[in-house]
Amino acid sequence: MATKVRTEVIDVRIDNYDSLHHKCTIVDIEKDKIIDCEQKNKTKYLKFYTSLIGEGSPTLTDLPSNYLGEPSMAFRYDWLFDISCIPEKDKKVYWDWKAKLRDSNTVKVQLLFEPQTPKQDIFINVIYGGLLCLNPSKNTNSWFENNRESIKNSLSTLANTTKEYSKVLGDVFNIANMVTNFIASDDNGKNWYLYKFLDQEKNNFAIEWHINKRVLEQYGPMLQGSLIVNYHGSSEQVQKLKLRIRPFISFNDKDDLCYVSPYKDLKFDHCIEITPGLSK
């Protein structure tokens, strides 16, 4: 087993930031000329932060009959994505980027599984995908608060049981704590949803988080997503994948397909390498 971690931070200049005809340029704030955004209000600067973490040497297994398989053969992959202004004292580059974001499908984060071998004999089974948070948050309608009384009653009942059930009690506490760290997909209004698709450029399997603006307002701009994955296959051939992250943001309410992504526009490569293998 080998956990892989990779983090990237880039400063980006975006010309025509709310248009399909935008242009992204990676900048070095120490060396490059930084313009005054108040003088040219269609040019903006943003800092993009991304991080990937997950198992680099997962085990290939046979396809299980129960859909989930053995827990020890399931592997977790997490991503982080954050946006902020860049620090620049001499120029007016700060702007309220959050206020300019559109309300729906505001942020789109893609994870792409890219084969690195000529023939891919791996079936990637995504068991779970979620969006994580810290509680308490500005959102007053969290799952825990909505279910506070039922959880309290259940825990009180279990607390009065015999010692043989102490493990069950501990599991209930753990599950309750875990569930409160997930953002509900729908909570008196849509927060986010998942979308599986085929990346057209390289014919890769991909998963996409569509996240609405209200999530950033309630939980903050540092977003975190999580996947639980099984790898199935029986080939003796060594096979390699790259798990790539590609974030998008949108400032255009009129065009659903208008997104800004310096990672895609500039072919910026942020990935971790994965080499699935047979169990020994």
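**Strand β9 and its surroundings**

Reply: The bridge partner of Tyr193 in β9 is His210. His210 is also the bridge partner of Lys108. This is a predicted model, in which local features need pLDDT of at least 70 and side-chain atom pairs count only at pLDDT 80 or more, while totals for chains, interfaces and linings use all residues. Residues are numbered from 1 along each chain as its sequence is written, and side-chain values use heavy atoms, with hydrogens and water left out.

Strands are DSSP runs of E of at least two residues, numbered from the N terminus, and two of them pair if DSSP finds at least two bridges between them. β9 spans residues 204-211. It pairs in the antiparallel sense with β8 (residues 192-199) over eight bridges, and in the antiparallel sense with β6 (residues 107-115) over seven bridges. Four residues lie between the strands in the hairpin of β8 and β9, where Asn203 takes a positive phi near 55°.

Seven of the eight residues of β9 are buried (under 20% relative accessible area, 1.4 Å probe, protein chains only).

The largest pocket has a volume of about 330 Å³. β6, β8, β9 and β11 (241-249) are the elements that give two or more residues to its lining. The largest share, four residues, comes from β8. Of the 16 lining residues, Lys108, Gln110, Phe197, Glu208 and Leu257 lie nearest the centre. A pocket here is an open set of points on a 1 Å grid over the protein atoms alone, where a 1.4 Å probe fits, with protein on both sides within 12 Å along at least five of seven lines; lining residues have an atom within 4 Å of a point. The volume is the space filled by probe spheres set on the points.

Key. Buried < 20%, exposed > 50% of the residue type's maximum accessible area, 1.4 Å probe, protein only.
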